[in-house]
Amino acid sequence: MKTKNTLVTQPHMPSLSEFIPLLADIWENRWLTNNGKYHQEFEKRLAEFLGVPYVVLFSNGTLALIAALQCLRIKGEVITTPYSFVATTHALSWNGIKPVFVDVDPVYGNLDPRKIEQAITPNTTAILPVHVYGNPCEVEAIEKIADTYGLKVIYDAAHAFNVKKEESSILNFGDLSILSFHATKVFNTIEGGAVICHDSKTKQRLDYLKNFGIADETTVVASGINAKMNELQAAYGLLQLKDFDIVIEKRKALTLQYKEGLRKLEGVNFLNEGDNVAYNYAYFPIFIDEKKCGFNRDDVMEVLKKENIFARRYFYPLISEFPLYRGLAKEAELKIAYKVSREVICLPLYPDLSKEIVKLIIAKIKQLHRVNSVKLMSVEEIDK
Ligand SMILES: Cc1ncc(COP(=O)(O)O)c(C=O)c1O
């Protein structure tokens with residue numbers, strides 16, 4: 001069966017007929033940005049929906065992260081993970097902060113708290129972990145280290161929209177968390193992002209920072225930037241909230257279909273759900289152990305490409321491998337991150353993905369597995 005292109009993701013969009021009246025209202029009022037009524041409503045509704053004290057909307061997740069670091073006046077060195085999207089580290093360098101890469105844990109690929117302490121120096125001011133694929137970091141262990149050494153913790157929660165641990169939002173951990181509402185994310189406002197904070201004073205400072213540092217007509221209190229979300233995106237976001245539960249249901253069903261289909265293949269691994277975690281099913285990464293499978297993740301990618309299915313190697317290469325950050329860490333210090341980034345491939349996952357395509361993807365991987373198991377067996381025969 002030849003298919004039309006299937007990409008790793010496809011954005012969910014709100015109903016156009018529901019969006020048009022909101023657009024008509026915006027046209028009528030001519031209030032397009034600068035804390036308009038949709039912006040205010042969306043901030044309020046998001047905080048209620050996510051179960052967090054304050055949401056500060058931004059034009060994207062990267063600027064949210066840059067502003068979060070500014071907000072806490074982070075300087076010097078920050079401990080972070082190399083296994084993420086490059087914006088995590090870019091936000092540090094835009095603030096003149098030195099990223100210190102620490103290895104990830106072998107279970108979820110998140111920053112490994114057991115390796116943080118040895119990387120702390122007198123210049124360390126903060127920890128910037130990422131809830132990769134929406135899997136919660138070991139937040140209690142990270143908090144303990146941060147408390148012991150007087151460090152701030154800022155979570156890059158770009159993947160973790162509405163993820164909960166023991167029924168509380170994962171976004172409530174750390175000093176600040178940031179979200180991305182980019183079109184590829186589980187919840188999108190086309191472009192967009194937010195900082196989650198715990199008190200009104202911090203919200204106020206973030207509000208200044210995203211609007212040039214302007215406090216009133218004649219007062220500028222910080223060297224802020226322009227990172228405001230506009231009214232069209234906020235209105236779109238309000239509608240997206242209505243659909244979120246159904247979006248997650250669909251993502252969950254497809255995830256279960258993948259897991260069921262791939263579970264018996266030795267060497268094809270996927271992430272198990274942690275205890276008491278409510279997931280958002282943002283991604284479906286699988287990890288191919290080449291020694292056990294006789295093929296690697298690039299082979300999976302090629303096999304799927306022949307069917308016009310485009311899986312993605314999130315995250316490869318590691319951020320620390322890009323020329324601009326090379327030299328900050330040695331491969332030997334990031335063994336797990338290297339291994340994971342060489343084994344991972346994210347399979348397509350989005351609410352409107354058909355069960356038939358998932359079935360085809362499973363069948364193709366199974367076929368690759370079967371062919372290579374025969375080859376592996378014959379090599380073992382020869383070895384005997
Ligand atoms: C982990 C991570 N951090 C930060 C970002 C940046 O978010 P944005 O694209 O909204 O700027 C992304 C995604 O794009 C991401 O995946």
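Buried means under 20% relative accessible area, exposed means over 50%, and partly exposed lies in between, using a 1.4 Å probe and protein chains only. With that in hand, P323 counts as exposed because its relative accessibility is 64%.

A quick word on what you're looking at. This is a predicted model, where local features need pLDDT of at least 70 and side-chain atom pairs count only at pLDDT 80 or more, while totals for chains, interfaces and linings use all residues. Residues are numbered from 1 along each chain as its sequence is written, and side-chain values use heavy atoms, with hydrogens and water left out.

**The loop between α9 and α10**

Helices (H or I, at least four residues) and strands (E, at least two) are DSSP runs, numbered from the N terminus. P323 sits in the loop between α9 (297–305) and α10 (335–343). Its C-alpha atom is separated by 30 Å from that of S223, which is 100 residues apart from P323 along the chain.

That loop also holds F315 and P317. Y314 and F315 are joined by a cis peptide bond with omega of about 10°. From Y316 to P317 the peptide bond is cis too, with omega near -10°.

**Aromatic rings**

A pair of aromatic rings is described by the distance of the centres and the angle of the planes. Here, rings of Phe, Tyr and Trp (its six-membered ring) pair if their centres lie within 6.5 Å; planes under 30 degrees apart count as stacked, over 60 as edge-to-face and the rest as tilted. The whole structure has 20 aromatic pairs, and here are two of them:

| Pair | Centre to centre | Angle between planes | Type |
|---|---|---|---|
| F161 and F244 | 5.0 Å | 65° | edge-to-face |
| F270 and F284 | 5.8 Å | 40° | tilted |

F161 is buried because its relative accessible area is 2%, and F244 is buried because its relative accessibility is 3%. Both names turn up again in one aromatic cluster, formed by F42, F49, F161, F181, F187 and F244.

F270 in strand β12 (residues 268–270) and F284 in strand β14 (residues 284–288) are 14 residues apart, and their pair also links distant parts of the chain. F270 is buried at a relative accessible area of 17%, and F284 is buried at 3%.

**Two positive phi angles**

N162 is in the loop between β5 and β6. Though not a glycine, N162 has a positive phi of about 65°, and it is buried, with a relative accessible area of 15%.

E167, in the loop between β6 and β7 (168–169), has a positive phi near 70° and isn't a glycine either. E167 counts as exposed, at 75% relative accessibility.

**Helices α3 and α4**

Helix α3 (residues 61–71) and helix α4 (residues 87–94) pack at an angle of about 40°, with their axes 9 Å apart. Axes are lines fitted to C-alpha atoms, for helices over the stretch in contact, and angles run from 0 to 180 degrees between N-to-C directions. That angle makes α3 oblique to α4, since under 35 degrees counts as roughly parallel, over 145 as roughly antiparallel, 65 to 115 as roughly perpendicular and the rest as oblique.

With contact meaning heavy atoms within 4.5 Å, α3 contributes T62, L65, I66 and L69, and α4 contributes A87, T88, A91, L92 and W94.
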